[in-house]
Protein chains: 2
Amino acid sequence: MNHELSEKLATYARQVESGLRRAVPRTDGDLLSEAAWYHLESGGKRLRPALCLATCAALGGNPEEALDFAVAVELLHNMLLVHDDLEDRDRARRDRPTVWVRYGEANAINVGDYLLGLAYRSILRSPVSGDIRLALLDAFTFAYVQTVVGQSLDIGGRADPRFTLERYEDMVTRKTGYYLVLGMVGGAVVAKSPPIIMERLWQFGRFAGPAFQVRDDLLDLTVGKGRSGRIGCDIEEGKPSILYAHALQHAAPAERERLVAIMAAPRDQTGPEDVAWVIQLYRKTGAIEFAQKYADEKIARAQEIISGLPLRERETLSRLTDFLITRAT
Amino acid sequence: MNHELSEKLATYARQVESGLRRAVPRTDGDLLSEAAWYHLESGGKRLRPALCLATCAALGGNPEEALDFAVAVELLHNMLLVHDDLEDRDRARRDRPTVWVRYGEANAINVGDYLLGLAYRSILRSPVSGDIRLALLDAFTFAYVQTVVGQSLDIGGRADPRFTLERYEDMVTRKTGYYLVLGMVGGAVVAKSPPIIMERLWQFGRFAGPAFQVRDDLLDLTVGKGRSGRIGCDIEEGKPSILYAHALQHAAPAERERLVAIMAAPRDQTGPEDVAWVIQLYRKTGAIEFAQKYADEKIARAQEIISGLPLRERETLSRLTDFLITRAT
């Protein structure tokens with residue numbers, strides 16, 4: 001069953017690749033197309049857009065009509081990565097130099113702006129009725145604005161000694177919760193599903209998004225984030241992770257002070273011994289265990305949201321959302 | 001006549017201010033709204049959005065229906081300024097620190113992304129039929145993508161020894177030609193004008209936009225660009241102006257070499273004597289005279305475009321475009 005779904009999603013992902021080639025010209029501007037494709041070709045599983053098409057088909061729609069939207073979701077995803085890498089000063093992604101390192105900061109900002117414009121252009125070209133196109137644009141714009149608001153909470157939380165779990169939750173819900181399910185929502189819109197489906201998918205995102213982000217926070221402490229296996233990047237960058245939020249609340253005053261100092265220090269002044277000390281603090285204060293439990297609970301809540309649907313949609317969507325839960329990180 | 005129009009535009013500009021207050025929340029995110037408003041309140045005449053409303057009314061439409069689009073045009077304008085200032089490393093705008101200087105680079109990128117999302121949200125809220133809303137979104141997205149492509153040509157032309165007048169023209173047409181008239185186009189769309197009106201307005205922009213940019217290039221050599229009267233900023237930044245393109249083609253080889261070297265040097269290594277030498281070169285090679293003539297010719301072509309319209313639209317629109325020509329720089 002899951003193998004069959006995997007194969008189907010791989011087929012959809014190939015359709016998304018063709019769609020991307022139509023949506024992103026090879027010759028725009030000076031280095032603009034080159035830099036955009038440098039990033040787009042760096043990989044990625046095209047999971048979100050493939051799930052858009054799969055959702056549309058599963059709910060009785062024509063996935064061909066959802067392809068332009070699926071492409072837009074992938075373009076948004078990549079636009080956010082290009083801007084985030086510069087905002088975070090991340091020098092590598094999937095073990096290659098990031099766009100700003102390779103093409104300069106000015107081009108990186110502009111490439112992100114470009115990908116977003118192409119995303120809107122793609123939705124506007126969707127072969128669907130005007131009402132559905134407008135509903136797709138509404139959903140896309142809603143998720144995009146939420147993500148940007150979440151990103152500002154992320155930037156503002158860096159090395160903040162008053163960072164809390166509440167602020168963490170608000171941040172990750174906005175930053176990852178909506179655009180995680182945007183593709184599935186769009187697929188449901190194209191399939192002309194009843195509003196309850198879209199509502200439930202957004203709710204699913206509000207629980208699953210934070211869970212994925214927490215797993216990502218944990219990944220940074222174990223296998224690293226695709227930067228040649230280096231671990232503790234979030235600590236070097238001072239990123240407000242769930243571990244940081246929890247440790248701030250549970251460490252002794254002197255430890256808290258040292259933690260904030262390490263998080264606040266510029267990246268090149270954070271040595272391996274600092275990273276090791278913070279990880280040991282996370283372990284000691286129970287932050288790692290807490291984070292694992294937090295993620296599990298959110299996933300369970302997300303699954304409940306879907307299992308509350310009428311039988312037919314429940315079976316259809318839970319296969320897809322379960323797949324998303326297994327594969328998204 | 002012109003006084004009456006001025007007053008009307010001032011009234012429209014006040015409506016745009018109210019519209020902006022509805023479109024841009026005061027409390028989003030962490031520093032996000034604050035930084036957005038810091039920029040939005042730094043002034044600006046709201047000329048483009050006021051012309052949007054005036055165009056709509058003049059063509060028989062209801063300007064209230066165009067207000068959300070007018071607001072979107074103003075948000076786009078400001079989004080581009082916030083990103084441009086960072087891309088160009090400009091530290092001051094209207095004699096105040098730019099957003100990236102005041103709030104950091106990460107926030108500046110994110111604030112620009114935010115303003116663009118709010119612009120789309122504003123258009124999507126327009127109290128017009130779905131078809132018109134889609135036509136507005138098409139026009140907006142078209143102008144936005146063109147502007148971003150033009151910006152990449154600008155970035156790529158910095159201190160480029162092979163920069164030409166042809167490349168200059170392509171760059172400025174895209175970078176300023178379309179979004180200059182976007183507001184007026186949107187006003188015409190809301191007024192349900194025949195397609196010829198929108199076509200002519202875009203064409204008008206293709207001539208007037210470059211003319212304004214050339215005037216801006218010239219302004220940098222005389223009164224400066226609102227950075228406490230400092231002149232020659234474009235030279236310090238190595239920006240590919242029309243003067244640079246012309247001088248490259250007309251200077252002697254040794255002069256050309258020195259010109260490129262000065263343009264390529266980091267800003268803080270370009271002294272007043274370098275700036276003075278470049279301005280003297282621009283004068284000697286006839287670049288300044290050429291630029292003035294170029295701008296005058298483009299303006300004349302732009303006016304011809306409008307005067308080719310049927311009588312009724314011609315009178316209506318030429319008052320507005322003449323106003324734009326007089327005031328936009």
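Author: Let's start with Lys239(A), which lies in the loop between helix H10 (233–237) and helix H11 (242–250) of chain A. Helices (H or I, at least four residues) and strands (E, at least two) are DSSP runs, numbered from the N terminus. This is a predicted model, where local features need pLDDT of at least 70, side-chain atom pairs count only at pLDDT 80 or more, and totals for chains, interfaces and linings use all residues. Residues are numbered from 1 along each chain as its sequence is written, while chains are lettered from A and ligands numbered from 1 in the order in which they are written.

Reader: Is Lys239(A) buried, partly exposed or exposed, and why?

Author: The general idea is a neighbour count: a residue is buried if 20 or more other C-beta atoms lie within 10 Å of its own, exposed if 12 or fewer, and partly exposed in between, with C-beta atoms placed from the backbone. Lys239(A) is partly exposed because it has 19 other C-beta atoms within 10 Å.

Reader: And which residues is Lys239(A) in contact with, leaving aside its neighbours within four places in sequence?

Author: Two residues are in contact if their C-beta atoms, placed from the backbone, lie within 7 Å. On that test, and with those neighbours left aside, Lys239(A) is in contact with Arg158(A) and Asp234(A). For a pair that is apart both ways, take Lys239(A) and Ser33(A): 206 residues apart along the chain, with their C-alpha atoms separated by 31 Å.

Reader: Backbone torsions next. Which residues other than glycine have a positive phi?

Author: Lys192(A) is one of them, with phi near 55 degrees. Lys192(A) lies in the loop between H8 and helix H9 (195–222) of chain A, and it is partly exposed, with 16 other C-beta atoms within 10 Å. Asp95(A) has a positive phi too, about 60 degrees, and is not a glycine either. You'll find Asp95(A) in the loop between strand S1 (92–93) and strand S2 (96–97) of chain A. Asp95(A) counts as exposed because it has 11 other C-beta atoms within 10 Å.

Reader: Now helix packing. At what angle do H7(A) and H8(A) pack?

Author: Axes are lines fitted to C-alpha atoms, for helices over the stretch in contact, and angles run from 0 to 180 degrees between N-to-C directions. H7(A) and helix H8 (residues 165–190) of chain A pack at about 160 degrees, their axes 8 Å apart. Angles under 35 degrees count as roughly parallel, over 145 as roughly antiparallel, 65 to 115 as roughly perpendicular and the rest as oblique. H7(A) and H8(A) are therefore roughly antiparallel to each other.

Reader: Which pair is oblique, then?

Author: H8(B) and H9(B) are oblique to each other: helix H8 (residues 165–190) and helix H9 (residues 195–222) of chain B pack at about 140 degrees, with axes 6 Å apart.

Reader: How many residues of chain A are in contact with chain B?

Author: 36 residues of chain A are in contact with 36 residues of chain B. On the chain A side, helix H4 (63–87), helix H6 (105–124) and helix H7 (130–157) each supply at least two residues. The largest share, 16 residues, comes from H7(A). By class, the chain A side divides into 18 nonpolar, 10 polar and 8 charged residues. Here Ala, Val, Leu, Ile, Met, Phe, Trp, Tyr, Cys and Pro count as nonpolar, Asp, Glu, Lys and Arg as charged, and the others, Gly among them, as polar.

Reader: Last one: how many residues has the largest nonpolar core?

Author: A nonpolar core is a set of buried Ala, Val, Leu, Ile, Met, Phe, Trp, Tyr and Cys residues joined through C-beta atoms within 7 Å. The largest has 216 residues, and those with the most contacts inside it include Leu115(A) and Leu115(B). Leaving aside its neighbours within four places in sequence, Leu115(A) is in contact with Ala36(A), Leu75(A), Asn78(A), Met79(A) and Val82(A).
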